[in-house]
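Student: I would like to go through this model one point at a time. Can we begin?

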Amino acid sequence: MTLILPLLFLLTAVSGTAVVLVRDPARQIFAIAVNGLVLAILFDALQAPDVALSELAVGAAAVPLLFLVALMAVRTRPPEEKS
Amino acid sequence: MSPPARIALLVLAGLVLLPGTGAVIAGLPPFGSTIAQYGERINAITPQVRHVANMVSAINFDLRGLDTLGEEFMLLAAITGTVVLLRGRRGEGNTERAMRRPGRAVIPRSDAVVLVCRIAGPLTALFGLYVVLHATVTPGGGFQGGVILASATLLIYLGEGYAGWRDTVRSHWLDAMEGGGALLFTLFGLAPMLTGAAFMQNVLPLGTFRDVFSGGLMLVENLGVALAVTGGFTQLFLEFMEETRAADEPDEPGEESA
């Protein structure tokens, strides 16, 4: 337990920074999903399973899916034409 | 506002807010300290007085149920606002069928994606139902289960395409689920008053500790929240996709849209 928590805090910081540093919107969505997953594991490690379940459902599934769908729908050009 | 003025405003706001923020952070209990008195008290009394194992559900749907009522209507108001905003341009007329913008590329999805979605979709829905029904026994509850159920409907979209998704999900049903869930919550909050009890007082039989049917009124309130959250989130997805697909002509029958 002593090792898991600092590791999870580090992972949270790294994945959160990655969301900002990744510039391609499609990759950014996956970065934010990974961040949500790490946060869910962190909440579970801190003995908050209810919050972890909410974070897993909203942060790692619903929000990235919504972003992905919106991004897919606004791209009217065929994929091979985009730069 | 010019950039220097903005920075000046930021510095001013920081100077005003920082002492308060610092004082609050300094006053927090240290990391890893024992749980607060309120939590200890809840842990001690809830199994006896409410017969439920999940304290969070006991607080959400019974002890502090009035707060959940507020959150319920906050969610309802937020989703109604989003729907009004997104429907604004095209008015009330929500298309019954899937529409596709002419000229948009139809990206074929691989068989693997369809297969995975057809396997994972029902399993996700089942897990969502499990989380909803076991609100008083295991971690989770109406909100978490509702969001999982809404994610399961999105898997239909990923697997079957937009046209298939719209054939499965009916917009009016979602409206009914969302409003009906909030109504169920409120009505069953008011129902105890008919027997002379207080608002949201738990008058139903409490059941046995660690049984699925424990907690009395909590089960009904939990179901209301689950209905409202499932309907609300799915409606949100639908409106977002409908908005990005303000189309002129309906989909060709049988054609798969991306």
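Student: How far apart are the end C-alpha atoms of residues 10–72 of chain A?
Tutor: This is a predicted model. For residues 10–72 of chain A, an unreviewed UniProt entry lists "domain: MrpA C-terminal/MbhD". The span is 90% helix and 0% strand. Its end C-alpha atoms are separated by 32 Å.

Student: In which order do the elements of chain A run from the N terminus on?
Tutor: Chain A holds three helices and zero strands. From the N terminus on, the order is therefore α-α-α.

Student: What pattern does chain B follow along the sequence?
Tutor: Chain B has eight helices and two strands. Read along the sequence, these elements give α-α-α-α-β-α-α-α-α-β.

Student: What share of the contacts in chain B with a separation of 6 or more comes from residues 24 or more positions apart?
Tutor: In chain A, residues 24 or more positions apart account for 43% of the contacts with a separation of 6 or more. For chain B, the share under that description is 76%.

Student: Is Arg87(B) buried, exposed or partly exposed?
Tutor: Arg87(B) lies in helix H4 of chain B, which covers residues 65–87. It has 15 other C-beta atoms within 10 Å. A buried residue needs 20 or more and an exposed one 12 or fewer, so with 15 Arg87(B) is partly exposed.

Student: What is the C-alpha to C-alpha distance between Arg87(B) and Glu242(B)?
Tutor: In sequence, Arg87(B) and Glu242(B) are 155 residues apart. In space, C-alpha to C-alpha, they are separated by 8.8 Å.

Notes
Residues are numbered from 1 along each chain as its sequence is written. Chains are lettered from A and ligands numbered from 1 in the order in which they are written. This is a predicted model: local features need pLDDT of at least 70, side-chain atom pairs count only at pLDDT 80 or more; totals for chains, interfaces and linings use all residues. Helices (H or I, at least four residues) and strands (E, at least two) are DSSP runs, numbered from the N terminus. Two residues are in contact if their C-beta atoms, placed from the backbone, lie within 7 Å. UniProt positions are given in the numbering used here, feature names are shortened, and annotations may be inferred rather than shown by experiment.
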